Amino acid sequence: METLLNVGQGFGVALMPVNLLYCFIGVFIGTLVGVLPGIGPISAMSLLLPITLSGTPESGIIMMAGIYYGSMYGGSTTSILVNIPGEAASVVTCIDGHQMAKQGRAGPALGISALGSFIAGTFALIALMLVAPGLASVAIAFGPAEYFSLMVLGLVVLTFLTQGSMAKALLMACIGIVLGLIGLDSITAMPRLTFGRLELIDGIGLVPVVMGLFGVAEVLINTEKLIKRDVINAKITHLLPNKADWKASAGPIGRGTILGFFLGILPGGGSVISSFASYALEKRLSKTPERFGNGAIEGVAGPESANNAAAGGAFIPLMTLGIPPNVVMALLLGAFIVHGVQPGPLMITQNPGLFWGIVASMYIGNVMLLVLNLPLIGMWVQLLKLPYNILFPLIILFTIIGVYCSSNNVFDVYVMIAFGVIGYFMRKIGYEPAPLVLAFVLGPMMENNLRKSLILSQGDLWTFVERPISAVCLAIAVVLLVGPLLPSFRKKRELVALEEGA
Amino acid sequence: MSDESNVKLRLNNSELWGGLIGLALGVFVVWSGLRLKLGAINDPGSGYVLFYTGLLMCVLAATIIVAAVTEGGPTFGSRWKDARWTKPLLVIAALIAFSLALDRLGFLLSTIPLMLLLLRLVDPVRWTLAIPIALLAPLGVWWVLKRMLLIQLPSGIFGIG
């Protein structure tokens, strides 16, 4: 009963005209960046973060969340029609989705992808509503030791899932922590690594770092190659899947939803890993695995449902513990903090309107996305024909504007360009930026919680092992760190490794 | 990967350089941590976390260096094989020039040439399209930000922007 009342309150907030408008803008931009290869939800969210400052926290967060789950919908369109993933979570959709399109079944592929995403997104929201308040009440008992260990686990999981050498991913995470510590020490107020520059006293901004590493670096990588787009030109008809399609897709949608939701909750996990895991699961369960890769609708339905369910699940650790499980949620945490709201166990009780408003807006956003992605599919197809040589200068222009507007400071534009160049060379020599960004956000919190727990325990390091939740988190982290030394474990890691931790 | 693209103790081993840069950064962070004072374990100072993170960076970088020397690593050439490497370099040069000009010339006078350069340097867009885009996009953004959102953009020494 209480949940229903809360949901009612949430809809009261989400249905306010201004919030409906922000929700629509969010899901529209999310679909747009999902559709356009070369710009993902991270770049779009960091670009729009400053714009949210003018509105209420509810409006800003509703829009940012809309961009995230909207991009999950839009990414599949590009994968199916062009065979280029619009964003990382849709990589696996290319395999069977584009084959279906080539066989003249682009309509059912797009349809099942949108409908599966809608079902998964709705399930994830219901689960979020049911799980989050309970977890928040448990999380109140968390002390600094638990928070520190959870953050360590989150970083280790992300480095474990990052493609390539784990040592490199961990090195990136360490650099992220160091960058996060630049500025005044929150306990002693001593300036650290500021090199006498006043601009660094408050630390480096998240927006220029993310825009540089993901926005500018992505553009630089893309300019290296001629982007050829094999857009399916045939008219897209029969968007609604037939009975046989539904029969084949029901299981994958159900399994993908549950799998995606739980993988989304895990720190370091997210929509990318869940879509790959769902594809592997469906292929393994199928009686005809040879159809996978040749246009099997299960290979579209499962992963697309999984990545949307994961997008919903990822809100749980952020909203209940205040810990972002992935880079996108780290940006969302930045948005909360910019608005003076600290997500965590007390947020649901202290800011019920905000929490339930965001949840309710996600329901509305999912319905909007269904309308945007099915009847309006033709519009997105036209957009796919926009040449990249016109698109990328515009992306650069918007990144410059986005960064400048976040602080009204030219220094941040320099920082963004510097990180763009660094990010380009990093990626060329096999260093992924995702662990750096997550560590950059978590670094100050980790340091704070580590120092607090050491002060509280009077320097007793056993405090991290004596507390059960902290001990479990650290034990899992140790297994993930040591595991890759075993050949069989290493092979498994390579199978699930992500190209980009999102 | 062919043998020529994987080298061990050679200057063009990209893995080796990645590790060496990581090691240099780690040493710098350790030194910075020490300068900021470590404090005691029951009262950690400002440099405590920096110092231990720096140490961890040194260990990780050393692992990367050892792997690069013993197992070998791709050469810089192989990393950029089949890539149009001059294109990102041109974009980087344009961005650096832009960053130098932004404060001096202001938003409009630095962004319009930047857009024109980007539109013409990589897969050139024809002039009849490049010029209107390079003019209209920054002007449109400037108008929205300055006139509608009242955001102050850098106006440079000429006061334009």
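## A friendly tour of chains A and B

D123(B) is partly exposed, with 16 other C-beta atoms within 10 Å of its own. Please keep in mind that this is a predicted model.

**Chain A as a whole**

- Chain A contains 23 helices and two strands.
- The radius of gyration of chain A is 22 Å, close to the 23 Å that the globule rule gives for 502 residues, so chain A is as compact as a globular protein of that length.
- Buried residues make up 61% of the 502 in chain A.
- If you take the contacts in chain A between residues at least 6 apart in sequence, 80% of them join residues at least 24 apart.

**A helix pair in chain A**

- A handy general point: two packed helices are described by the angle between their axes and the distance between the axes.
- In chain A, the axes of helix α5 (residues 93–102) and helix α6 (residues 106–139) come within 7 Å and cross at roughly 140°.
- That angle makes α5(A) oblique to α6(A), because only angles over 145 degrees count as roughly antiparallel.
- On the α5(A) side, the residues that meet α6(A) are T93(A), G97(A), M100(A) and A101(A). Their partners in α6(A) are A106(A), P108(A), A109(A) and S113(A).
- By type, the residues of this contact are five nonpolar and three polar, with no charged ones.

**A buried glycine**

- G75(A) belongs to helix α4 (residues 57–82) of chain A.
- G75(A) counts as buried because it has 34 C-beta neighbours inside 10 Å, and 20 or more is enough for that label.
- From G75(A) to G180(A) there are 105 residues in sequence, and their C-alpha atoms are 31 Å apart in space.

**Where chain A touches chain B**

- In this contact, 44 residues of chain A meet 51 residues of chain B.
- On the chain A side, the elements giving two or more residues are α8 (166–180), α9 (206–223), α18 (388–407), α19 (410–428) and α20 (434–456).
- The largest share on that side, nine residues, comes from α18(A).
- The chain A residues that touch chain B divide into 30 nonpolar, six polar and eight charged.

- As background, most residues other than glycine have a negative phi.
- D82(B) has a positive phi, near 65°, although it is a residue other than glycine. You will find D82(B) in the loop between α3 (76–79) and α4 (86–105) of chain B.
- D82(B) is exposed, because it has 8 other C-beta atoms within 10 Å and the label applies at 12 or fewer.
- D123(B) also has a positive phi, near 35°, in a residue other than glycine. Its place is the loop between α5 (107–121) and α6 (127–148) of chain B.

Notes:
Residues are numbered from 1 along each chain as its sequence is written. Chains are lettered from A and ligands numbered from 1 in the order in which they are written. This is a predicted model: local features need pLDDT of at least 70, side-chain atom pairs count only at pLDDT 80 or more; totals for chains, interfaces and linings use all residues. Two residues are in contact if their C-beta atoms, placed from the backbone, lie within 7 Å. Helices (H or I, at least four residues) and strands (E, at least two) are DSSP runs, numbered from the N terminus. Ala, Val, Leu, Ile, Met, Phe, Trp, Tyr, Cys and Pro count as nonpolar, Asp, Glu, Lys and Arg as charged, and the others, Gly among them, as polar. The radius of gyration is taken over C-alpha atoms; the globule rule is 2.2 Å times the number of residues to the power 0.38. Axes are lines fitted to C-alpha atoms, for helices over the stretch in contact, and angles run from 0 to 180 degrees between N-to-C directions. Angles under 35 degrees count as roughly parallel, over 145 as roughly antiparallel, 65 to 115 as roughly perpendicular and the rest as oblique.
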